[in-house]
Amino acid sequence: MTRVKRGLVSKRKHNKLLDGTKGYRGTKRRLIRVAHEATLHAGAYAFHGRKRKKRDFRSLWITRISEAVKIEGISYSKFIYGLKKSNINLDRKILSDLILNDQATFKSIVEKVKQV
């Protein structure tokens with residue numbers, strides 16, 4: 001049986017791992033075993049962060065809408081109920097964008113909701 005030398009393959013694999021840990025501090029960027037563990041944790045945090053971002057943005061939109069509607073003299077829950085009742089199908093992201101960029105349109109929507 002012929003002899004198989006794996007040094008080149010291992011080195012390539014290790015270098016690929018260490019390229020992924022650029023910017024890490026201390027041994028997390030230098031030592032293979034610690035770097036591998038750090039990469040696994042980073043991947044888990046990144047996955048969790050992608051899920052978390054959706055939650056955080058929805059919370060921001062709700063807060064923004066709540067404050068803008070409070071100025072108009074109506075509560076957030078009554079506003080959302082009025083939107084559904086008056087059959088206005090705008091999601092919270094669009095409503096939040098209207099608050100920032102087109103307040104006249106948002107005020108007209110609030111007036112329609114108040115009439116219902």
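At 36% relative accessibility, Arg52 is partly exposed in the predicted model. The side chain of Arg52 forms a salt bridge with that of Asp56, with an N to O distance of 3.3 Å. Asp56 is likewise partly exposed, its relative accessibility being 40%. Both residues belong to helix α2, which spans residues 32-71. Because Asp56 and Arg52 are four residues apart in this helix, about one helical turn separates them.

A search of the whole structure returned three salt bridges. Besides the pair formed by Asp56 and Arg52, helix α2 holds Glu67 and Lys70, whose side chains meet in a salt bridge at 3.3 Å, N to O. The spacing here is three residues, about one turn of the helix. Glu67 has a relative accessibility of 42% and is classed as partly exposed. Lys70, at 52%, is classed as exposed; the cut-off for this class is over 50% relative accessible area.

A salt bridge was also found between the side chains of Lys22 and Asp19, with 3.5 Å from N to O. Lys22 is exposed, with a relative accessible area of 62%.

Phe79 lies in helix α3, which comprises residues 76-85. With a relative accessibility of 0%, Phe79 is buried, the limit for that class being under 20% relative accessible area. When neighbours within four places in sequence are left aside, the residues in contact with Phe79 are Ile65, Val69, Ile74, Leu95, Phe106, Ile109, Val110 and Val113. Among these contacts, Val69 is ten residues from Phe79 along the chain, and the C-alpha atoms of Val69 and Phe79 are 7.4 Å apart.

In summary, the three salt bridges found in the search include Asp56 with Arg52, Glu67 with Lys70 and Lys22 with Asp19. In the Asp56 and Arg52 pair, Asp56 is partly exposed and Arg52 is partly exposed.

Key. Residues are numbered from 1 along each chain as its sequence is written. This is a predicted model: local features need pLDDT of at least 70, side-chain atom pairs count only at pLDDT 80 or more; totals for chains, interfaces and linings use all residues. Side-chain values use heavy atoms; hydrogens and water are left out. A salt bridge is a side-chain nitrogen of Lys or Arg within 4 Å of a carboxyl oxygen of Asp or Glu. Buried means under 20% relative accessible area, exposed over 50%, partly exposed in between (1.4 Å probe, protein chains only). Helices (H or I, at least four residues) and strands (E, at least two) are DSSP runs, numbered from the N terminus. Contact means heavy atoms within 4.5 Å.
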